[in-house]
Amino acid sequence: MQEKELKTSLGQRIVIGVIAVLLLSSTIAIYALIVLNGEKNKQTSSTKKEELAVITKELSAKQDELKSASDKMSKQYFDTLASFRSKIKAYNGTSVEDAGLKTFDLKNGTGAEITDKTTSYYAYYVGWCANESVFDSSFDDAKNPKSLKEPLAVTNPNSLIAGWSEGIKGMRFGGVREIDIPSPLAYGSEREICGSKNSPLKFLVLPIEVSEDYKKLSTEYNQIYVKYRKLQSEINSIGA
């Protein structure tokens, strides 16, 4: 092969040069975009973090208000629920399973009645298993309670297990009821609880009437908490 056959023509060299320039330009452009995008993300992240700091303070202040109001209700209702702690004991799970949904009024309330039309309410409760172990409770300590935590806010009765929703009907606020729930009306096979799926459960339930101020506090806290979690998610996404 002759030497001149290895040399590129002028036209070929021009094309190669153009391609090289284009490659260099695109590389610089991509790098610039990465840098600019990084700076933009830093600015956005900084702004979001400032917003998060403000929201965190608001959330903490509202939580303190809510706790103060909750503590007052705890003092009002603690003795009522605690007086029936002797009911929290081992039971025959098979018997509860076979008997179906059963309710026992331990204390009659004097407030409004809970019916099919009751769409929201607050309640203190204790839920326990056949072996006497408490799986959920409004008490601060299941074995040695001193106070009650914030009451459960029921805003959608359909979100609760069927046994609770059905078992609480007919109660009046301020009363205490034991609800025995067979597994099909509890969590069934959807959730493992009490060490296994398809477990029967028992509850003590004390529905209460709360002030409009407490409802407002609870709503405001939840709204701020949603903003707080949203900002956290956005900041994590920017940092990813």
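**Ground rules**

I am working with a predicted model, so I took local features at pLDDT of at least 70 and side-chain atom pairs at pLDDT 80 or more, while totals for chains, interfaces and linings use all residues. Residues are numbered from 1 along each chain as its sequence is written, and side-chain values use heavy atoms, with hydrogens and water left out.

**Entry: salt bridges**

I began with charge pairs, counting a salt bridge when a side-chain nitrogen of Lys or Arg is within 4 Å of a carboxyl oxygen of Asp or Glu. My search of the whole structure returned 11 of them.

I looked up K202 and found it bridged to D180, with the closest N and O atoms 3.6 Å apart. K202 sits in strand β6 (residues 201–208) and D180 in strand β5 (residues 176–181), so this pair ties together parts that are 22 residues apart in sequence. I took helices (H or I, at least four residues) and strands (E, at least two) as DSSP runs, numbered from the N terminus. Both K202 and D180 are buried. For that word I use under 20% relative accessible area, with exposed over 50% and partly exposed in between (1.4 Å probe, protein chains only).

Next I checked E212, which pairs with K215 at 3.4 Å between the closest N and O atoms. The two share helix α5 (residues 212–239) and stand three residues apart, about one turn of the helix. E212 is exposed, with a relative accessible area of 57%, whereas K215 is partly exposed at 33%.

K169 and E166 form another bridge, their closest N and O atoms being 3.1 Å apart. I noted K169 as partly exposed at 30% relative accessibility, and E166 as partly exposed too, at 45%. I also found K62, E65 and E220 linked in a network of salt bridges.

**Entry: the disulfide**

How many disulfides does the structure hold? I found one, using a cut-off of 2.5 Å between a pair of cysteine sulfur atoms. It joins C129 to C194, S to S 2.0 Å. C129 lies in the loop between β2 (121–128) and β3 (134–137) and C194 in the loop between β5 and β6, so the pair ties together parts that are 65 residues apart in sequence. The torsion about the S-S bond of C129 and C194 is about -80°, so I logged the disulfide as left-handed. C129 is buried at 2% relative accessibility, while C194 is partly exposed at 28%.

**Entry: V134**

I then stopped at V134, a residue of strand β3 that is partly exposed at 30% relative accessibility. Leaving out residues up to four places away in sequence, V134 touches I88, V126, G127, W128 and A142; contact here means heavy atoms within 4.5 Å. I88 is 46 residues from V134 along the chain, and their C-alpha atoms are separated by 8.2 Å.

**Entry: nonpolar cores**

For a nonpolar core I took buried Ala, Val, Leu, Ile, Met, Phe, Trp, Tyr and Cys residues joined through side-chain atoms within 4.5 Å. The largest one has 31 residues, and L81, Y124 and I208 have the most contacts inside it. Elements giving two or more residues to this core are α2 (10–82), β2, β6 and α5. Of these, α2 gives the most, with nine residues.

A second, separate core has 17 residues, among them Y121, A123, I168 and I181.

**Entry: aromatic rings**

I counted rings of Phe, Tyr and Trp (its six-membered ring) as paired if their centres lie within 6.5 Å, with planes under 30 degrees apart as stacked, over 60 as edge-to-face and the rest as tilted. That gave me nine aromatic pairs.

The rings of W164 and F203 have centres 5.3 Å apart and planes at 80°, so I put this pair down as edge-to-face. W164 is in helix α4 (residues 162–167) and F203 in strand β6, 39 residues apart. Both W164 and F203 are buried. The rings of Y221 and Y225 have centres 6.2 Å apart and planes at 15°, so that pair is stacked. Y221 and Y225 both lie in helix α5, four residues apart. Y221 is buried at 16% relative accessible area, and Y225 is partly exposed at 33%.
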